[in-house]
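Me: I'm new to reading protein models. Could you walk me through a few features?

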Amino acid sequence: MQALTSRAKPVDRKPMTFLEKLYVWSIFKGMMITLRHLFKKKATISYPEEKRPFSPVFRGLHILNRDEEGRERCTACGLCALACPAEAITMEAAERLPGEENLYREEKYAAKYEINMLRCIFCGLCEEACPKDAVYLSETFAPSNYQRKGFIYGKQDLLIPNPKDNPGEYWKAVGNRKANKEQSN
Amino acid sequence: MHSALLAIDLFLVIEKLVLIVGIVSISLVIAMYETYAERKVAAFIQDRRGPNRAGPFGILQPLADGLKLFMKEEIIPNTSNRFLFILGPCLAMLAAMMTSAVIPWGGTLNVFGREVNLQIADINIGILYVFGVVSMGVYGIMIGGWASNNKFSLMAALRGASQVISYELPMGLSLIALLMLTGSLKMSEIVGQQIDSWYNVLYQPLGFFIFLVCAFAECNRTPFDLPEAENELNFGYHQEYSSMKLGFYLFAEYINMFISSVVMATLFWGGYDIPFVNDASLTGMGNWLVLLQGLSLFIKVAIFIFVFMWVRWTIPRFRYDQLMNLGWKALIPLSLVNMIVTAAIVLLKTNGWKF
Ligand code: SF4
Ligand code: SF4
């Protein structure tokens, strides 16, 4: 049979000599290797204190965006739900009443907007589908929970903090990814 | 006269009791921190950091582990022999602790004008006593495996017992060669001779090496941890054990490791002698010298314990036939040769041949 690589070596099946049977020399060699590793730089990252930098295209949990005046951008058009390959998004639309103009940007808004984070595959297609720039994926990744229902994120979990009341939190939630994207646009 | 005798005895009793309590608690604490050290060494060898969350650098980790073991549900299998089931871990623990009685931990302290020997019992058959007690450790394994009423536990116990017994032979043989040199079974005298001249390891390098390998096997440490083999056979003779009874077995293993390190340091590396320093010139330091000597013993022990761990995290365990081949076909002949050569040299020397 022809070897698959040029580096293939036949296995040495010679019976071991007495010295080899004592294993001492090879054990000693192995111990020198582990001794070297003892002083090597550790690969561990102490997670909560120290975070690995994300790649600029990292896709984490969703965020429902607001505009500069703090109004929700989503108009409950359902395009994100349609685009979603995992069928993770459901929503219920409602009509904006007079006097609610400061809350919702469009005449129709999402009264209920849920993403099931267990179904979601974080593909980002919802973000691409959205005509209103209302949903995008942030840099936080899915936290743990004891119950499955804890993974169904409603509007209160998804909505970004209001930029007018709470600009610090808002810009934190916007994160690097969104900012980078805006720059490149 | 009568009352004076009584008073002296009382002092002796108190002295020994304090020594016993001290040494037992020291061994327990050391065994505790061996578990921590083991995890740290393993982590560092594998380029990790090891436990570092409980307290600074994870110093409190052993306490957390112990607490966890205590909180676990205590299960005694229905079909087991209850008495033996409980006796097993107790025996393992007992055998592990008892050996420390004959170890000389240091010179003589001077406490309130009294000479206090840092050795619980300076008996003249010290090393034989160690061997007697160590081989009792097999009973802990056997009884535990048998009482579980589980064929896998029993098989693991047999595996363990046969391993321990086969490695006791080369251990004893290498020791005979050493005893021919020292001419005494008394631990304190063996140490005394080494303080005055060279360490025994210089006369008996092969003997020491065989002793080291056998100590690995006696403590069921990798590469000889077949009685446990937790990841490929079943968990071992303590498969049915849970909670603190399991903790006792694991703990006994760590104490065994500590004790065998102490025995090796005492027999071959000069015990509490401070290396490269002539201890006799330091007697002016009084009690401080004794403490320094104790410290030097503990440093030697720590090095041995580190070697134990280093080996464990370097090499995989042997197959059972390799284990038996190594024991019977390599170590026993080697130790026999070592013994005969030593005997010949001792004979030649005593007959007046100068070297
Ligand atoms: S990221 Fe992909 S899977 Fe997740 S909700 Fe958006 S479209 Fe669906
Ligand atoms: S998030 Fe965007 S795509 Fe989805 S319903 Fe709202 S506006 Fe439409």
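Reply: Happy to! Let's begin with ligand 1, whose surroundings are His62(A), Cys84(A), Pro85(A), Ala86(A), Ile89(A), Cys120(A), Ile121(A), Phe122(A), Cys123(A), Gly124(A), Leu125(A) and Cys126(A); a residue counts as near if one of its heavy atoms lies within 4 Å. This is a predicted model, where local features need pLDDT of at least 70, side-chain atom pairs count only at pLDDT 80 or more, and totals for chains, interfaces and linings use all residues. Residues are numbered from 1 along each chain as its sequence is written, chains are lettered from A and ligands numbered from 1 in the order written, and side-chain values use heavy atoms, leaving out hydrogens and water.

Me: How many nonpolar, polar and charged residues are in the shell around ligand 1?

Reply: Ala, Val, Leu, Ile, Met, Phe, Trp, Tyr, Cys and Pro count as nonpolar, Asp, Glu, Lys and Arg as charged, and the others, Gly among them, as polar. The shell here has 10 nonpolar, two polar and no charged residues.

Me: Why does the length of helix α11 of chain B agree with its residue count?

Reply: Helices are DSSP runs (H or I, at least four residues), numbered from the N terminus. The expected span is 1.5 Å times one less than the number of residues. Helix α11(B) has 31 residues (320–350), so it should span 45 Å, and its end C-alpha atoms are 43 Å apart, which agrees.

Me: Which residues of α11(B) are buried?

Reply: Buried means under 20% relative accessible area (1.4 Å probe, protein chains only). Among them are Gln322(B), Leu323(B), Ala330(B) and Leu331(B).

Me: What follows α11(B)?

Reply: Gly352(B) does, and its phi is positive, near 95°.

Terms used
Helix = DSSP H or I, 4+ residues; strand = E, 2+ residues; numbered from the N terminus. Buried < 20%, exposed > 50% of the residue type's maximum accessible area, 1.4 Å probe, protein only.
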